Amino acid sequence: MQLDKEAFIRDYKSKIVTMFRESFDEASPEERYLALGALIRDYLAPDWLFTEKLDSLKDKKHVYYFSMEFLIGRLLDSALINMGIRDVVREGMAELGMNVSDIESHEPDAGLGNGGLGRLAACFIDSMASLGISGTGIGIRYRYGLFRQLIQNGYQVETPDNWLKIPNVWEICKTEDARIVRFGGTVNTRWEGDGRLYVELTDYEPVLAVPYDIPVPGYGNGRVNTLRLWSAETENSGFDFKEFSKGDYDRAVENITTAHSISNVLYPDDSTPRGKLLRLKQEYFFTSAGLQDILARYLKSGGSVHDFHKFNAIQINDTHPALAIPELMRLLIDEQGLGWDEAWNITVATFGYTNHTILAEALEKWPLDMFRKLLPRVYMIIEEINRRFVGELSSAPDNSFRKISRMSVIAEGSVRMANLAIVGSHSVNGVAYLHTEILKNKELKDFHEYYPGKFNNKTNGITHRRWLIGANPGLTALIDRTIGTDWRMEPSGLAGLREYIDAGFAAEAAEVKRCNKARLAAYMKEAVNIAPDPDSLFDIQVKRLHMYKRQLLNIFGVMDMYNRIKSGKTQGMSPRTVIFSAKAFPGYGLAKNTIKLICTVADKVNSDPQASDLLKVVFMPNYDVSLAEILIPAGEISEQISTASKEASGTGNMKFMMNGAVTLATLDGANVEIREAVGDDNIVLFGMNSDEVIAYENRGGYDPNAFAASDDRIALILSQLRNGYFGTASKDEFRPVIDHLLRDGDPYFVLKDFDSYVKARDFTSSLFADKERFSRMCAVNIAMSGRFSSDNTIRAYADDIWSVDHR
């Protein structure tokens, strides 16, 4: 948009007056943020309205991206970048004596996601808008997010993430679009003379789904798409005055509490039946509300229900939204009067399914009794989907009973959501080449053989607008000076940096990195009272805490490094700061024990003068988007060390790469494609490959106890865990970690890959010591990172799955 500094200052001062009845000088920092955010949203409003009108045209195909989470982070800076007014606003604020960064710090990170799945969804909706695709994100408006992580005496403590304690200036509540979602009840059916089966649900529990819309501006194109988030409310006031008058105050608000619980917390602990029930409620809640809304809008625009699939594409991000498939069937059959075959053809043609995991624990299954009771009509539809699908499978002579059982949607007392998503979609995609090949040839081989052509790969990506232009302005300015600004619109243009790497770009990028490291060091000093040396090697692993991601391998490597320092074996060792940040799910005891181990080792190392010149260990609490935007630009070694074959893709690897870090990795997920992009000379690899891991899993032959006995370094580390050498923890504190490795068979091959990992990490020390070589490696990674822009990924979805036009 067109905006000059004087107009901005005038509008901003006026906004403070109209919102708070105060002058600019009287407004608090929080009020100044709220006014600025509200003003930017006002600037977006005309284009937002125009986009909505344009997208409501009868012949316009629309994409809906259903995701359980959208880790959008702070929105102010992203909006300023995409609207093209960042510099003007910064100049205007400077004239008022304010720093925009200080104002932005008052914006809470939206508590709408947790890890890679949610951040990917946020990058995707940004790219859809920037590529001119008519698109809407559909999710849940969580009141308290996942949780806010505190570290107390080395232990993770979960507290509510009350991110809505100040108003969310970006959202607009659209009560006129509220929908009723029905749980439980009795299904009544009757045949009428027209030959149609009529279905009515009675005695159900109604929950009101109220949408909140957040603008998603495209980069420099005037398009403003929408992220629509559903909040669970009660149909009326929900307050029972009669019960309150009797003095039963709890029962008076029972309906409110029950409804609100659906959208209170992301991923409630599902280790109990009540937790499972709440998860299932959440998943049906937002898929039902979203589909009711989509169908109503489409019909209101004059569309024919028979052509629904021609003008609507729905992508489900993992299995959480898979209930959208039977829900669309319910709407088409029960409310629109279509026959089964036509409704099924429309449904399959509408949906695409993105698979994000090969881990069995993440392939959702719901107990039949629970499912049938909570969603009786939807269960009937799934039962019929399964009956027809099993009938098709049974008619093929080469399908054994065991194979049919593996592929069934309903089997072994459960509804299998991944199987439902595959059967009910026209496209199933993995998120990295290796991941997709494992799906096709191992985990989902039966389905790949039955549905030739349905499986495809769409390697994940990241939006360079946030993760480079937004997070790393120093590097962005350097790139602009070197190759111009066209890369901002077409990030593949970053490859043009290669011809300048040896002409000063690598050296200047290293100077930018040093500034980012100094900024991070100052931030860590303030946040956790640890002051690392900015001239040490910043070695960073930040991601969700899960044993397959192998933070345990990292901290074992740190313990070995510390043991060598204590024994004087420091030749060739570069000073290193090892940084962790991760949240563990509240019910994941082993992951939480790993956090305690990291913090315990950090306390030991950081308090030892003998190690102070060579090693620092830092755990940064409460990892979120805003923290990532400080950590990632400062990273020099990107730890991507998951067990080969376990990580679907990863996107942290791409963010670090784009900001000039060297990847220390196994050949897992998108690491394979990063290696392909940068070449073997610009990545550091170690460990078993996926074929070797899968072979051990299939045939056995790995004995972690033998490794522990034969490697003196491992034996020493395990002994130290047992005898309390690292810190004040009790001797049994880390028994879960030891049991995981020795008693439970080391399922993620930490000890098997330990020697290879230590050698690779030592090699990064020698690389770092050769400043010219290391700077060149970092620069090559920057230059080749445009391949991993989410714009490229979304173009592939648009062409191959959604069949929609784009820039």
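**Rings, charges and a helix**

Modeller: Happy to. Let's begin in helix H1, where phenylalanine 8 and tyrosine 12 lie four residues apart, about one turn of the helix. Keep in mind that this is a predicted model.

Biologist: Noted. How many aromatic pairs are there in the whole structure?

Modeller: The search finds 23 aromatic pairs. In the pair of phenylalanine 8 and tyrosine 12, the ring centres are 5.7 Å apart and the planes are at 5°, so this pair is stacked.

Biologist: And are phenylalanine 8 and tyrosine 12 buried or exposed?

Modeller: Phenylalanine 8 is buried, at 0% relative accessible area. Tyrosine 12 counts as buried too, with a relative accessibility of 0%.

Biologist: Which residues do ring pairs link into a cluster?

Modeller: That cluster consists of Tyr65, Phe124, Tyr797 and Trp802.

Biologist: How exposed is glutamate 158?

Modeller: Glutamate 158 counts as partly exposed, at 29% relative accessibility.

Biologist: What about arginine 330, which side chain does it meet?

Modeller: Arginine 330 forms a salt bridge with glutamate 335, 3.3 Å from N to O. Arginine 330 counts as buried at 12% relative accessibility, while glutamate 335 is partly exposed at 46%.

Biologist: And where do aspartate 560 and arginine 564 lie?

Modeller: Both are in helix H23 (residues 551–566), four residues apart, about one turn of the helix. Aspartate 560 counts as buried with 3% relative accessibility, and arginine 564 is buried with a relative accessible area of 19%. Elsewhere, salt bridges that share partners join Glu52, Asp177, Arg179, Asp213, Arg228, Asp293 and Arg297 into one network.

Biologist: New topic, helix H4. Which of its residues are buried?

Modeller: In H4 (residues 86–95), the buried ones are Arg86, Val88, Val89, Gly92 and Met93. They cover an arc of only 165° around the axis, so they sit on the same side of H4.

Biologist: What's on the face turned away from that buried side?

Modeller: The exposed residues Asp87, Ala94 and Glu95 are on that face.

Biologist: And what do the buried residues of H4 pack against?

Modeller: Five helices take part: H1 (5–20), H2 (29–55), H3 (76–83), H5 (100–104) and H20 (464–470). H4 itself is followed by glycine 97, which has a positive phi, near 80°.

Biologist: Last one: where is isoleucine 674?

Modeller: Isoleucine 674 is found in helix H27 (residues 671–678), and at 0% relative accessibility it counts as buried. Leaving aside neighbours within four places in sequence, isoleucine 674 is in contact with Asn653, Met654, Met657, Thr663, Ile683 and Phe788.

Conventions
Residues numbered from 1 in each chain as written. Predicted model: local features only at pLDDT ≥ 70, side-chain atom pairs only at ≥ 80, totals over all residues. Heavy atoms only, no water. Buried < 20%, exposed > 50% of the residue type's maximum accessible area, 1.4 Å probe, protein only. Helix = DSSP H or I, 4+ residues; strand = E, 2+ residues; numbered from the N terminus. Arc of directions from axis to C-beta. Contact = heavy atoms within 4.5 Å. Salt bridge = Lys/Arg side-chain N within 4 Å of Asp/Glu carboxyl O. Phe/Tyr/Trp six-rings, centres within 6.5 Å; stacked < 30°, edge-to-face > 60°.
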